[in-house]
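Let's take a walk through this model together, one neighbourhood at a time. Have the coordinates open as you read.

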Amino acid sequence: MENPENDLYRVFPLLMSSKDPTVLHKAMERFFTPDVSFRHPLSVVKSGPNSRQTLFGVYEWYRIISPGTVAIIDELVYDREKNIVYMDVSQTFHLRFIPVPVRSSRLLIRLRLVERDNHFYIKEQEDFFHPDDLMNCLFPPLSPVVAFFLQLIAIAALLSSKIYSRLNAIWLALFRISDVGASPGRPGDNHVNEARRNTQYGQ
C-alpha cells in the first residue's frame with residue numbers, strides 16, 4: 001500500500017470478502033508481512049518466521065464456513081506518526097451450516113503498519129467485538145439474550161454501588177457517634193481521640 005488511508009478501503013473488504021482462495025492468498029502476500037501477528041476473540045496467531053501462512057489458513061477457514069461474508073469500513077482513522085490504523089467495520093458473517101437469519105455485527109480493527117521501500121504492510125492485526133456482536137457471528141438468535149444479560153449486569157452494578165454507599169454511610173455515622181460519645185476521663189482516651197481526628201474519619 002502506498003497510501004493506507006485510502007488503500008485500506010479497497011484492500012480490507014477484499015481480504016474479508018474474497019470468495020476465491022487464490023485471490024485471498026495473493027492479497028495476503030501483497031499486504032501482510034511474513035511475520036504478521038493476529039488476535040481475534042476466537043483465534044490467535046503469534047508473530048513468527050512464516051506466521052502469514054498460518055493467518056492465511058485462518059482467513060481461508062473463515063471463508064469456507066462463511067462464504068458470503070461482507071465487510072464494509074464505516075470509519076477509518078490513521079495515525080501517521082505511529083503507523084496505527086483503527087477501522088470501524090460492519091460485517092455480515094453467517095455460518096453456512098446454521099439456517100438462521102443473518103445479522104450484521106460491528107467490530108473495531110486495529111492495525112500496526114510497517115514501511116518498507118515506500119510501501120506499507122500490515123504487521124499486526126487485532127479484532128475487537130462486543131459480546132452481542134460476536135454472538136451475531138456465531139448464533140444470531142442468542143444475540144438478544146447476550147445483550148439482555150449485559151443490561152442486567154449494568155443494573156446489578158448500579159444496585160451494588162448504591163448498597164455499598166448506604167452501608168458505608170451507616171458505618172461512618174456509627175464511627176462518628178462512638179467518637180463523640182467517648183469518655184474523656186478514661187486513660188488513653190485523649191490519645192485515641194487525637195489519633196481519630198488526624199484520620200479521614202475525624203475530619
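Does Phe93 count as buried or exposed? Phe93 has a relative accessibility of 12%, so Phe93 counts as buried; here buried means under 20% relative accessible area, exposed over 50%, and partly exposed in between, with a 1.4 Å probe and protein chains only. Before going further, note that this is a predicted model, in which local features need pLDDT of at least 70, side-chain atom pairs count only at pLDDT 80 or more, and totals for chains, interfaces and linings use all residues. Residues are numbered from 1 along each chain as its sequence is written, and side-chain values use heavy atoms, leaving out hydrogens and water.

Let's turn to helix α3 (51-65). Helices (H or I, at least four residues) and strands (E, at least two) are DSSP runs, numbered from the N terminus. α3 has 15 residues and reaches 22 Å from its first C-alpha to its last, close to the 21 Å expected at 1.5 Å a residue; the expected span is 1.5 Å times one less than the number of residues. Its buried residues include Leu55, Tyr59 and Tyr62. The buried residues of α3 pack against α1 (4-17), α2 (21-31), β1 (32-40), β2 (43-45) and β6 (119-129), where contact means heavy atoms within 4.5 Å.

With a relative accessible area of 2%, Ser66 is buried. Its side chain makes a polar contact of 2.8 Å with that of Thr69; such a contact is a pair of N or O atoms within 3.5 Å, and within protein one must be able to donate a hydrogen and the other to accept it, while residues adjacent in sequence count only if both atoms are side-chain atoms. Leaving aside residues up to four places away in sequence, Ser66 touches Phe93 and His94.

That brings us to the rings. The structure holds four aromatic pairs, meaning rings of Phe, Tyr and Trp (its six-membered ring) with centres within 6.5 Å; planes under 30 degrees apart count as stacked, over 60 as edge-to-face and the rest as tilted. Tyr62 and Phe93 form an edge-to-face pair, 6.0 Å centre to centre with 85° between the planes. This pair links distant parts of the chain, 31 residues apart: Tyr62 in helix α3, and Phe93 in the loop between β4 (84-92) and β5 (104-116). Phe148 and Phe149 have ring centres 6.2 Å apart and planes at 70°, so they too are edge-to-face.
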